[in-house]
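Hi everyone, thanks for coming.

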Amino acid sequence: GLGSKGTLVPPVTLSVEENDEYSVLFTDISAYMKNYAAECITGITDIDASGLKSGGRAGLTAYMDGHYHYDIAVVNNGGKWLAQVRYRLGGMTHIEKEIALDSPRAHIAIKGTAHRYHFEVNGQKIASMDTKFISTETAGGFTGIYWGAFCDGTAGSHADIPSLTVE
């Protein structure tokens, strides 16, 4: 739980079921940041996305709500694997950056400060986004952001998340 630093989520397989759009497992980092007065926080996972069908994505999200979130994901693009940073701000969805991967397995991270989220894959920073666009002041709603592992795509897609660690 949030009472201690380290692994917050044990190994899990996230699956997209029939009539679902996505599967997600959230961790409330706002409570974590308050407990530790953290100036910087990092969410890390290794991901095996080999179970994704074409068009499927699996990764980490910094999530205010369904209309305001930033994602870093491994994507199955017709059998070619990509790391992708994508954001949703209200009615706008935008792919900020994509890079080719050699396989569906990757080490992904979101590093957050008071002003920026930085997105990494296999130790390489690939994008950075301003925190204010998914903040309560911009998006409304509750105070705080959830971080979580997610999987989306067509029914039957799945991804293995060995752990979700917050440091």
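So, Phe119: is it buried or exposed? Its relative accessibility is 0%, and buried means under 20%, so Phe119 counts as buried. Keep in mind that this is a predicted model.

Now, who does Phe119 sit with? Let me start with a bit of background. A pair of aromatic rings is described by the distance of the centres and the angle of the planes. Okay, the count here comes to 3 aromatic pairs. One of them is Tyr70 with Tyr87, an edge-to-face pair with 6.3 Å centre to centre and 75° between the planes. Tyr70 is in strand 6, residues 68-77, and Tyr87 is in strand 7, residues 80-89, so this pair ties together parts that are 17 residues apart in sequence. Both of those tyrosines, Tyr70 and Tyr87, are buried.

Back to Phe119, then. Tyr70 pairs with Phe119 too, again edge-to-face, at 6.3 Å between centres and 85° between the planes. Phe119 belongs to strand 10, residues 116-121, while Tyr70 is in strand 6, so here the parts being tied together are 49 residues apart in sequence. And if you put the ring pairs together, you get a cluster of Tyr70, Tyr87, Tyr117 and Phe119.

One more residue before I stop: Asp48, over in strand 4, residues 41-48. With a relative accessible area of 18%, Asp48 is buried, because the cut-off is under 20%. What does its side chain make a polar contact with? The side chain of Ser50, at 2.7 Å. Leaving out neighbours within four places in sequence, Asp48 is also in contact with Pro104, Arg105, Ala159 and Asp160.

Methods:
Residues numbered from 1 in each chain as written. Predicted model: local features only at pLDDT ≥ 70, side-chain atom pairs only at ≥ 80, totals over all residues. Heavy atoms only, no water. Phe/Tyr/Trp six-rings, centres within 6.5 Å; stacked < 30°, edge-to-face > 60°. Helix = DSSP H or I, 4+ residues; strand = E, 2+ residues; numbered from the N terminus. Buried < 20%, exposed > 50% of the residue type's maximum accessible area, 1.4 Å probe, protein only. Polar contact = N/O pair within 3.5 Å; in protein donor to acceptor, adjacent residues only side chain to side chain. Contact = heavy atoms within 4.5 Å.
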